[in-house]
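Please view the sequence and the structure below before reading on.

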Amino acid sequence: FPQLKKLDQAVSAAHTFFVANPQHLQMREDIEKYRRMSGVKSDNFRDLEAIPHWEAYEAGMQHYNADEYPQAAARLEESLTEALSALEQCRALCEGPWEDEDEEEEDMQPGLYEAIAAHYIQVLKCRQQCVLDIATKPGRISATEDFIPSHLDLLQFSYDQAGNQTLAAECAASYLLFYPMDEPMLERMKEYHGELGEDTRVTARENIRHYVQRSLMEKKLIYYAVEHLGGSFNDPDLWTPDELIPENLKKKHRECIVSLHFPCPGWVLVSVGFLSKASSCLSILAFLTGPLPFEGIAVTMDSSQMNGTQRVVFDRVLTESECKDLLRLTKAAGEGYRSRRSPHTPHERFEGLTVLKAVQLAQNGDVDWRDVKLLLQASEKSRKIIESYFTPGKKLHFSFTHLVCRTAVEEEQEGRMDLSHPVHADNCLLDPEGQECWREPPAYVYRDYSGILYLNDDFQGGDLFFTEMDTVTVTAKVHPKCGRLVAFSSGKENPHGVQAVSRGRRCAVALWYTHSQEHAEQERVKAEKLVEQRDVEDWPDGEERQGSVHNSISSSERPVRSSRARPTSQTHKPGSEGTQRPKELRARDEF
């Protein structure tokens, strides 16, 4: 379109693509370039594939976040109306012919009554899944949780702030149809009765009442069929009453809900809905932190001090001497990415070194074996600290380990406005406009916890910062220094970025962890095996000399003879022997 002199269409096409791909850095830059062009109007930024209820919803959320509550209420009402209309259209399409993908041979076909029952059950299940269809933003595969109830909660708050208590009470009563025991909303209803007068009759919206009653009846029929006729049902709603589910299906239902909606082990979750702007989360996350397995380590900031959840800063994880030894290893880090420009900014050079590459460099005599072992030991020590603090009793596996350095390009710092690393989340695709984070590929959805072990502070800039979902509101900052370990859960609750490195070289060990053993870092297993093989070759009598990787890792698990630290054996998967060239990592892996 730019070549055809159709700038308005080019802007609309770029905006449409960016709405569905908010992590695309090149398109983000193109959008900013278009905004600065004199011939471009704000109306040109149109989503050509916009669905009416999503378009209204996002406009309403923009007004809501800007504290423009009357406008927010109007657009959210439009979104709710359009969403319910789209739901009816989807439900109508469920009435088609029955297509059984698992159809058996002709002599195994069900009888007339069985066929009718199976067809009707299929129609009911299809209708139930329609709520996921309308709650899935274009370009995504994951639905927004509690899409219909969240509208009512947002509307309740918007009307309340706009001074219309009558409509606020109506929305609150409608919300309670989904979550009748929601204590904060019940408290709000008491306040509304007091403000409007006890004699004032407050009722839920009739269309919402019909929606809930119809959905519950369909669920009841489906669960009856699953209990007595077999099959399965993935309930799309979080608000389904527990008493509706047959006793023999309740355990399976809870496991399904937890795995689909709350994939973070170790957290205690209490669903409370979207009560207010100040607490608009789906869940209250409460957890008890475990004891630290090492003495001398200090918790400098915890989650409350960092204005978030599952965040912590530890100090004195490494000594000054250990930081210097690892910094010596970073001199070879340029081999990992050939000291190329950063994938996130043209104003910095980026260098990275994996643990397997470090071992291979030590085999070639390019780096000291002791430094390589220290890298393995320091990262294992960090893993034990994070595991003990966040998930005591539940194993964390390495997902990826990377020694990384960012160096400011001196001649390109003037007038710089970008970040060293844009705001993102580590296991989901952050969508600031929709206030969502989509846990789906290409995000590394299996990552559960992240850590950064800093090695130096002799540079300018480079602070780590956390934000709200809007990627703009900063909630906490962390300045790097030797031996400081920042750890946090990898999900949407912890969007984070790195400020520009404007002078000098910033180095750290970037760490990601997973509870999933199948996603454990295989390069690390190979690296440890190679180090152990070298130690055995140097000591043919089979005695392990002091300083071997096995002893290093074991000693890192019990470095100060603490009774709280329990030694564990180092195991490897079969077939992990030998070396291989490390796979090239995608740029978004790095902090």
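## Aromatic residues

One aromatic cluster is formed by Phe 314, Tyr 389, Phe 390 and Tyr 449. The model is predicted, and the aromatic pairs counted in it come to 17. In the pair of Tyr 444 and Tyr 446, the ring centres lie 6.1 Å apart and the planes stand at 80°, so this pair is edge-to-face.

The two tyrosines of that pair can also be described by their accessibility. Tyr 444 has 7% relative accessibility and therefore counts as buried. Tyr 446, at 25% relative accessibility, counts as partly exposed, because buried means under 20% and exposed over 50%.

Strand β17 covers residues 501-514; 10 of its 14 residues are buried, so the strand is largely enclosed by the rest of the structure.

Strand β7 (residues 397-408) runs antiparallel to β17 and is joined to it by 10 bridges; here Leu 403 stands opposite Val 509 of β17. Strand β11 (residues 449-454) pairs with β17 in the antiparallel sense over six bridges, and Ile 452 has Ala 510 in β17 as its bridge partner. Three bridges link strand β12 (residues 459-461) to β17, again in the antiparallel sense, with Phe 459 opposite Gly 504 in β17.

Notes:
Residues are numbered from 1 along each chain as its sequence is written. This is a predicted model: local features need pLDDT of at least 70, side-chain atom pairs count only at pLDDT 80 or more; totals for chains, interfaces and linings use all residues. Side-chain values use heavy atoms; hydrogens and water are left out. Buried means under 20% relative accessible area, exposed over 50%, partly exposed in between (1.4 Å probe, protein chains only). Helices (H or I, at least four residues) and strands (E, at least two) are DSSP runs, numbered from the N terminus. Two strands pair if DSSP finds at least two bridges between them. Rings of Phe, Tyr and Trp (its six-membered ring) pair if their centres lie within 6.5 Å; planes under 30 degrees apart count as stacked, over 60 as edge-to-face and the rest as tilted.
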